[in-house]
Amino acid sequence: AIIKEILSAKNYHGSLTSLALHYANKGMGREEICIVLRGIGELANKREEWESRFSADHLYECIDSALRIIQSEQTFARSRKQKRHELKYPSFQLTQ
C-alpha cells in the first residue's frame, strides 16, 4: 500500500518516511535505503514536486526522520527495561 501511494503520486513524503522506517527496522543502512527509495521514485508518476521529493536531500530527511523514530523507540524501551529492573531489584540504602 505504501509503495502504491508513491507510485500513484498520492503521498510522497509520508510514504517515503514510512518506507524508510520499514527498511531501517530491517537493518538497512542510510545509503542503502536512499538507493531503494530513489529506485522506487524512478517508477513513480511524476507530479510537479517529484524532483524535490526525490532529491537526495529530501530522501535523507525522510530517512533521518525514520532513524530518529527508531532511536526514540529504543530509548523508551531501555528506559522501561531499567524501570522494571529497579522495581524487581530495588536498591536499599543502609542507614547508620
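A residue counts as buried under 20% relative accessible area, exposed over 50%, and partly exposed in between, using a 1.4 Å probe and protein chains only. With that in hand, Glu-42 is partly exposed, at a relative accessible area of 42%. Welcome to a predicted model, where local features need pLDDT of at least 70, side-chain atom pairs count only at pLDDT 80 or more, and totals for chains, interfaces and linings use all residues. Residues are numbered from 1 along each chain as its sequence is written, and side-chain values use heavy atoms, leaving out hydrogens and water.

**Overall fold**

- The protein chain has five helices and zero strands, where helices (H or I, at least four residues) and strands (E, at least two) are DSSP runs numbered from the N terminus.
- Along the sequence, the pattern reads α-α-α-α-α.
- Of the 96 residues in the protein chain, 26% are buried.
- Taking contacts (heavy atoms within 4.5 Å) between residues at least 6 apart in sequence, 61% join residues at least 24 apart.
- The protein chain exposes about 7,100 Å², with carbon and sulfur atoms supplying 53% of it; accessible areas come from the Shrake-Rupley method with a 1.4 Å probe, and for residues only the protein chains shown count as cover.

**Salt bridges**

- Side chains of opposite charge can pair when their charged atoms come close.
- A salt bridge here is a side-chain nitrogen of Lys or Arg within 4 Å of a carboxyl oxygen of Asp or Glu, and the count comes to two.
- One of them links Arg-30 and Asp-64, whose closest N and O atoms are 2.7 Å apart.
- Arg-30 lies in helix 3 (residues 30–43) and Asp-64 in helix 5, so this pair ties together parts that are 34 residues apart in sequence.
- Both partners are partly exposed: Arg-30 has 36% relative accessibility and Asp-64 has 25%.
- Arg-38 pairs with Glu-42, with the closest N and O atoms 3.6 Å apart.
- Because Arg-38 and Glu-42 are four residues apart in helix 3, about one helical turn separates them.
- Arg-38 is partly exposed too, with a relative accessible area of 32%.

**Positive patch**

- Arg-80, Lys-81, Lys-83 and Arg-84 form a positive surface patch.
- Patches are made of residues with over 30% relative accessible area and no salt bridge, joining like charges within 9 Å and nonpolar side chains (Val, Leu, Ile, Met, Phe, Trp, Tyr) within 5 Å.
- Lys and Arg count as positive and Asp and Glu as negative, while His and the chain ends are not counted; each charge is placed at NZ of Lys, CZ of Arg, CG of Asp or CD of Glu.
- Lys-81 sits in helix 5 (residues 56–88) and counts as exposed at 57% relative accessibility.
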